[in-house]
Amino acid sequence: MTESYRRSGDDDPYQGAQQHASSPVNPEWPPPPAHPAGHPVGGTAPTALLSEPAARPAAGRRRGRGRPVALLAAVAIVAAAIGGGTAYGIQELTHGDTAATAAPAGTTVVPSSQKGTVAGVAKAVSPSIVEIKAQSNAGTSTGSGVIITSDGEIVTNNHVVSGASQVTVRTSDGKEYTADVVGTDSGKDLALIKVKGASGLTAATLGDSGKVQVGDQVVAIGSPEGLTGTVTSGIVSALDRDVTVSTDEGRQQQQPDGGWPFEFGGRQFNGDTGSSTTTYKAIQTDASLNPGNSGGALIDMNGNIIGINSAMYSAAGSSGSSDAGSVGLGFAIPVNTVKADLAKLRAGAQS
């Protein structure tokens with residue numbers, strides 16, 4: 001804020017006295033403050049106008065007292081009406097040391113200069129995305145997950161960890177942890193796991209998927225084909241798509257050749273979903289998703305998580321997954337669905 005809060009025509013009871021020490025002083029105002037020893041006459045310290053003499057005549061108190069305070073009060077009222085943009089001006093006027101509100105420590109923050117860029121989002125959010133390996137009787141499933149607390153709570157898809165006897169998590173800096181499955185919700189294809197012995201992890205910021213619009217730019221981060229930390233980008237191409245996945249234990253695990261089964265538009269892709277299924281409303285995106293992206297993040301250009309990537313369309317449209325790959329049709333569970341389910345998952349629900 002560069003505007004001055006005092007206009008040139010405003011009266012200043014001390015200004016004339018400071019500029020002309022020999023000029024008569026209005027008897028209704030007290031004499032100007034004495035200059036400290038060694039301080040040149042006519043020079044004023046930055047806070048001189050906010051200081052009061054030790055003693056004031058009663059008349060001076062009636063007319064002069066509270067003038068600077070009233071000025072600050074008026075500025076504060078204007079600031080409240082306009083918003084946060086004037087906070088800096090008030091801080092400068094009062095010489096305050098109040099710091100701007102900052103995001104909690106350990107959460108993803110995209111620098112202002114890099115907001116709206118894929119590089120900025122990727123740099124900020126990648127430390128919050130992990131690779132997950134789940135060992136079960138059906139084999140090893142590789143997927144992704146999103147750190148939501150600094151002590152290691154991670155959201156992923158239920159089909160990534162369904163039936164797992166052992167879960168291993170690898171963070172973006174290459175550290176590996178074992179993890180426990182805390183809660184699962186096959187009806188929403190969500191799961192919460194917790195790594196052991198971790199602290200100080202970078203938690204992602206969960207956004208508001210209710211504000212997502214078709215055409216919004218997005219970034220996807222995950223571990224397709226085990227390629228940890230892969231970043232792709234695109235747009236939101238549709239909302240509220242009905243995607244159906246299996247709820248059968250073991251059937252949701254990735255198939256031996258890499259796909260995960262789901263159903264869309266009455267057709268099954270990347271494997272047989274079986275007879276027990278669930279359907280959820282998904283965000284559709286053309287950001288490239290491949291096997292291993294499942295459970296990773298769909299992110300807006302401010303670095304907020306808006307969805308958990310969960311399914312991709314098969315290139316060949318067949319029931320097998322040998323031809324599976326990104327064709328610009330991927331699906332993500334809205335983050336508002338995740339937030340609504342967190343309490344249940346943390347309570348240890350297994351469904």
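What follows is a friendly chat about a predicted model of one protein chain.

Reader: Hi! Which helix and strand counts does the protein chain have?
Author: Hello! The protein chain has 7 helices and 15 strands. Keep in mind that this is a predicted model.

Reader: Noted. And how much of the chain counts as buried?
Author: Of its 351 residues, 40% count as buried. The chain exposes about 17,300 Å², and carbon and sulfur atoms supply 50% of that area.

Reader: What share of the contacts with a separation of 6 or more comes from residues 24 or more positions apart?
Author: That share is 66% for the protein chain.

Reader: Okay, cores next. How many residues are in the largest nonpolar core, and which have the most contacts inside it?
Author: The largest nonpolar core has 29 residues. Those with the most contacts inside it are Val125, Val146, Val155, Val243, Ile299, Ile305 and Ile308. Helix α7, residues 335-346, gives the largest share of this core, with 4 residues. Another core lies apart from it and has 16 residues, including Val130 and Leu201. In soluble globular proteins, nonpolar side chains tend to be buried together.

Reader: Which strands does it pair with?
Author: β1 pairs with β2, residues 139-147, in the antiparallel sense over 8 bridges. A hairpin of 2 residues joins β1 to β2, and Gln135 stands opposite Thr140 in β2. β1 also pairs in the antiparallel sense with β4, residues 166-170, over 5 bridges. There, Ala134 stands opposite Val167 in β4.

Reader: Nice. What does the side chain of Ser141 reach?
Author: Ser141 lies in strand β2, and its side chain reaches the backbone oxygen of Val160 at 3.2 Å. Ser141 is buried, with a relative accessible area of 0%.

Reader: Which residue does Asp341 meet in a salt bridge?
Author: Asp341 meets Lys188, side chain to side chain, at 3.6 Å from N to O. Asp341 lies in helix α7 and Lys188 in the loop between β5 and β6, so the pair ties together parts that are 153 residues apart in sequence. At 2% relative accessibility Asp341 counts as buried, whereas Lys188 counts as partly exposed at 30%.

Reader: One more. What about Asp242?
Author: Asp242 forms a salt bridge with Lys281, and their closest N and O atoms are 2.9 Å apart. Asp242 is in strand β9 (residues 230-246) and Lys281 in strand β12 (residues 277-285), 39 residues apart.

Reader: Great, thanks for the tour!
Author: You're welcome!

Technical notes: Residues are numbered from 1 along each chain as its sequence is written. This is a predicted model: local features need pLDDT of at least 70, side-chain atom pairs count only at pLDDT 80 or more; totals for chains, interfaces and linings use all residues. Side-chain values use heavy atoms; hydrogens and water are left out. Two strands pair if DSSP finds at least two bridges between them. Buried means under 20% relative accessible area, exposed over 50%, partly exposed in between (1.4 Å probe, protein chains only). A polar contact is a pair of N or O atoms within 3.5 Å; within protein, one must be able to donate a hydrogen and the other to accept it, and residues adjacent in sequence count only if both atoms are side-chain atoms. Contact means heavy atoms within 4.5 Å. Accessible areas come from the Shrake-Rupley method with a 1.4 Å probe; for residues, only the protein chains shown count as cover. A nonpolar core is a set of buried Ala, Val, Leu, Ile, Met, Phe, Trp, Tyr and Cys residues joined through side-chain atoms within 4.5 Å. A salt bridge is a side-chain nitrogen of Lys or Arg within 4 Å of a carboxyl oxygen of Asp or Glu.
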